[in-house]
Amino acid sequence: MVMDTQPMEIPGNAPRIAVIILNWNGERLLKEFLPKVVETTDRRISQIIVADNGSTDASLDYIRDTFGTEIAIMAFDKNYGFAEGYNRAIKAAEGYEYVVLLNSDVATSNGWDTALLDYMDAHRETGACQPKILSYRHHDTFEYAGAAGGYLDKNGYPYCRGRIFATCEKDCGQYDNIADIFWASGACLMVRRAIYLDAGGLDTAFFAHMEEIDLCWRIKLAGFGIAAVPQAKVYHLGGGSLPAENPRKTYLNFRNNLLMLHKNLPDGSRSHILLRRRLLDTVAWLRFVATFDFKNAAAIWHAHRDFAKMRKNYHDFPETDLLSDTPECRRNILLDYYVSGRKKFSSLN
């Protein structure tokens with residue numbers, strides 16, 4: 001089944017979940033991960049859709065030849081990027097109650113979609129959720145991008161149950177409880193389609209990095225919860241786009257973090273939190289300069305320069321300071337990690 005971005009017509013007995021995998025020239029990843037997704041996804045409740053961003057490799061031929069009509073293909077005319085690609089795909093997926101944003105480098109496990117659906121059906125106040133995310137290469141270790149559910153600290157630094165900065169914990173069942181979290185990982189994110197659209201979808205200005213945290217923040221501001229449901233389990237390869245200290249990644253992380261804080265904080269706290277964060281970014285800039293890493297130092301400078309320009313595009317701000325209202329977000333994770341030596345989420349409490 002091949003579709004464009006026109007609204008889809010879904011029969012009344014169709015699956016309730018659209019599992020959308022965004023692809024751009026990812027034939028290698030599709031061959032490695034898609035068979036496992038097909039094998040472990042319950043076709044009675046989920047339709048797998050590959051939204052293709054104008055690939056020029058043999059991605060679509062592989063899908064058609066291997067899976068036939070089992071997988072729906074949504075073919076775009078060009079590469080719209082991560083955020084806009086998902087926005088277009090989800091808008092076109094009319095008739096589905098839920099959508100799952102699933103990275104092309106994620107392997108799912110038996111019952112993963114059923115566990116997420118059961119939780120969402122039982123908790124109508126929840127807008128989005130994620131499974132437990134483990135490393136594809138080391139199944140006993142949490143994966144960096146989301147682990148068992150994410151939070152922000154008082155300065156806007158992301159951390160997770162199972163991962164603080166670069167330290168990923170072994171999975172010993174310590175985070176197998178369902179938890180209310182601040183943000184869910186875009187590696188495998190289930191969200192009610194209507195809420196996704198009402199929240200405005202992913203912010204295309206971000207391009208990449210932290211766009212799902214920004215989305216979850218907006219969903220929470222709309223009054224809905226975000227949850228981690230570890231009864232569902234997936235395995236994420238991760239690290240496939242840019243190395244940890246690639247200057248481009250440094251630029252996006254620093255710029256987008258400032259944008260996220262600016263647009264989601266109220267007038268009463270935005271200025272002083274951003275001032276504190278920009279001072280901390282200056283310390284990071286000095287560290288790069290001191291180690292003669294001038295490319296990453298320049299990336300931070302460019303991030304702050306571009307943030308100063310882009311912030312003018314945002315005019316509507318919330319009245320609620322969710323960072324102050326959420327206990328896990330009142331921490332200073334820098335002090336916890338580097339001064340107090342608390343490398344695990346469980347050691348924070």
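# Helix spans, burial and salt bridges

Biologist: How do you know that the length of helix 3 (residues 81-92) agrees with its number of residues?

Modeller: The expected span of a helix is 1.5 Å times one less than its number of residues. Helix 3 has 12 residues and should therefore span 16 Å; its end C-alpha atoms are 16 Å apart, which agrees. The model is predicted: local features need pLDDT of at least 70 and side-chain atom pairs count only at pLDDT 80 or more, whereas totals for chains, interfaces and linings use all residues. Residues are numbered from 1 along each chain as its sequence is written, and side-chain values use heavy atoms, with hydrogens and water left out.

Biologist: What makes a run of residues a helix or a strand here?

Modeller: Both are DSSP runs numbered from the N terminus: helices are H or I with at least four residues, and strands are E with at least two.

Biologist: Which residues of helix 3 are buried, and what covers them?

Modeller: Buried means under 20% relative accessible area, exposed means over 50%, and partly exposed lies in between (1.4 Å probe, protein chains only). In helix 3, Ala 83, Gly 85, Tyr 86, Asn 87, Ala 89, Ile 90 and Ala 92 are buried. Their cover includes strand 2, strand 3, strand 4 (72-75), strand 5 and helix 5 (193-198). Ala 72 lies in strand 4; its relative accessible area is 0%, and therefore Ala 72 is called buried.

Biologist: What makes Glu 27 and Lys 31 a salt bridge?

Modeller: A salt bridge requires a side-chain nitrogen of Lys or Arg within 4 Å of a carboxyl oxygen of Asp or Glu. The N to O distance between Glu 27 and Lys 31 is 3.0 Å, and the pair therefore meets the cut-off. Being four residues apart in helix 1, the two are separated by about one helical turn. An α-helix has 3.6 residues a turn, so residues three or four places apart point the same way. Lys 31 has a relative accessible area of 45% and is therefore partly exposed.

Biologist: Why is Asp 42 called buried, and which residue forms a salt bridge with Asp 42?

Modeller: The relative accessible area of Asp 42 is 18%, which places it in the buried class. Asp 42 sits in the loop between helix 1 and strand 3. Its salt-bridge partner is Arg 44, with the closest N and O atoms 2.9 Å apart; Arg 44, at 69%, is exposed. Leaving aside neighbours within four places in sequence, Asp 42 is in contact (heavy atoms within 4.5 Å) with Asp 113 and Thr 114.

Biologist: How many salt bridges does a search of the whole structure find?

Modeller: The search finds 22. One joins Asp 336 and Arg 342 at 3.3 Å, N to O; Asp 336 is buried at 7% relative accessibility, whereas Arg 342 is partly exposed at 31%.

Biologist: Is His 209 buried or exposed, and what is its phi?

Modeller: His 209 has 19% relative accessibility and therefore counts as buried. Its phi is near 80°, a positive value in a residue other than glycine. Phe 207 likewise has a positive phi, of about 70°, although it is not a glycine. Phe 207 lies in the loop between helix 5 and helix 6 (211-221), and at 48% relative accessibility it counts as partly exposed.

Biologist: Which residues make the nonpolar surface patch?

Modeller: Patches are made of residues with over 30% relative accessible area and no salt bridge; like charges are joined within 9 Å, and nonpolar side chains (Val, Leu, Ile, Met, Phe, Trp, Tyr) within 5 Å. Areas come from the Shrake-Rupley method with a 1.4 Å probe, and for residues only the protein chains shown count as cover. Trp 285, Leu 286 and Trp 301 make a patch of about 330 Å². Trp 285, in helix 8 (residues 267-290), has 32% relative accessibility and thus counts as partly exposed.
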